[in-house]
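Hi everyone, thanks for making time this morning. Let me put the model on the screen, and then we'll walk through it together.

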Amino acid sequence: MERHLAKAKEKLLIFWRKFIIIVSENERRSLMIAASLVIFALLFSASAVFAQKTIRQDQLDELVFDSLKSDHLIPLEYQTVDQKIKDTKAISIMFSQPSGTSFENVMTILDDPTQQTMLNRKFYYYPIVYDSETIAKNYQLDPRQVTFIFFHNGKEKNRFVVESLKDLNNEFIPELNRLPMWDLKN
């Protein structure tokens, strides 16, 4: 084993010496290649960061937002919730994972035409898929629950959690209408 390591070390030293000789003979060309590699690595890193956000937004659009049937839900783009709350005087947001029993029950009620006529406002929907720990910490919510929060001038004014309702079919729409949410216009 030691003999193989010594042989590998010797071959590596020979390769390194040849590499140094080639680089020193063509300094300008070597510097250009090194600078090109550094620029390529920086561009690749920057594009990977941008691509991740774009890919996540596309996944949300395709897998979550396209399946929303209710006219009362306005999709909120990935990583825009904080800025939207700051920029909007009054905003109502539903935070929820796009799956689970409570979410499915809420979607069933919101998709029901008779229930839709009773609902007097629209609200934003921010799916908790990525960065769930950060969202849960920032907004003091359980990501596994469906939570409606009303913000006024960037500050939370009111909230309710769907799981806290005893009779979802009869209490959900009236509870939503009782929140001091302002009617949103597109």
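So, which residues does Phe172 touch, not counting those up to four places away in sequence? Taking contact as heavy atoms within 4.5 Å, Phe172 touches Val106, Ile109, Leu110, Phe148, Phe160, Val162, Leu165 and Asp167.

Before going on, some housekeeping. This is a predicted model, where local features need pLDDT of at least 70 and side-chain atom pairs count only at pLDDT 80 or more, while totals for chains, interfaces and linings use all residues. Residues are numbered from 1 along each chain as its sequence is written, and side-chain values use heavy atoms, with hydrogens and water left out.

As for confidence, pLDDT is the predictor's own score for each residue, from 0 to 100. The protein chain has a mean of 83, with 96% of its residues at 70 or more. Helix α5 (residues 113-118) has the lowest confidence, at a mean of 76, and β4 the highest, at 89. Over residues 181-186 the pLDDT is below 50, though this stretch has 21 contacts in the model beyond near neighbours in sequence.

Helices here are DSSP runs of H or I with at least four residues, strands are runs of E with at least two, and both are numbered from the N terminus.

Now back to Phe172, in the core. A nonpolar core is a set of buried Ala, Val, Leu, Ile, Met, Phe, Trp, Tyr and Cys residues joined through side-chain atoms within 4.5 Å; buried means under 20% relative accessible area, exposed over 50%, and partly exposed in between, with a 1.4 Å probe and protein chains only. The largest one has 40 residues, and Val81, Ile93, Met94, Phe95, Tyr139, Phe148 and Phe172 touch the most other members. Elements giving two or more residues include β2 (90-96), β4 (147-152) and α7 (168-178), but α4 gives the most, with five.

Helix α4 also holds Ser102. Its side chain makes a polar contact with that of Glu163 at 2.7 Å; that term means N or O atoms within 3.5 Å, where within protein one must be able to donate a hydrogen and the other to accept it, and residues adjacent in sequence count only if both atoms are side-chain atoms.

Finally, some backbone geometry. Most residues other than glycine have a negative phi. Asp131, in the loop between β3 and α6, has a positive phi of about 55 degrees. Asn153, in the loop between β4 and β5 (155-161), has a positive phi near 55 degrees.
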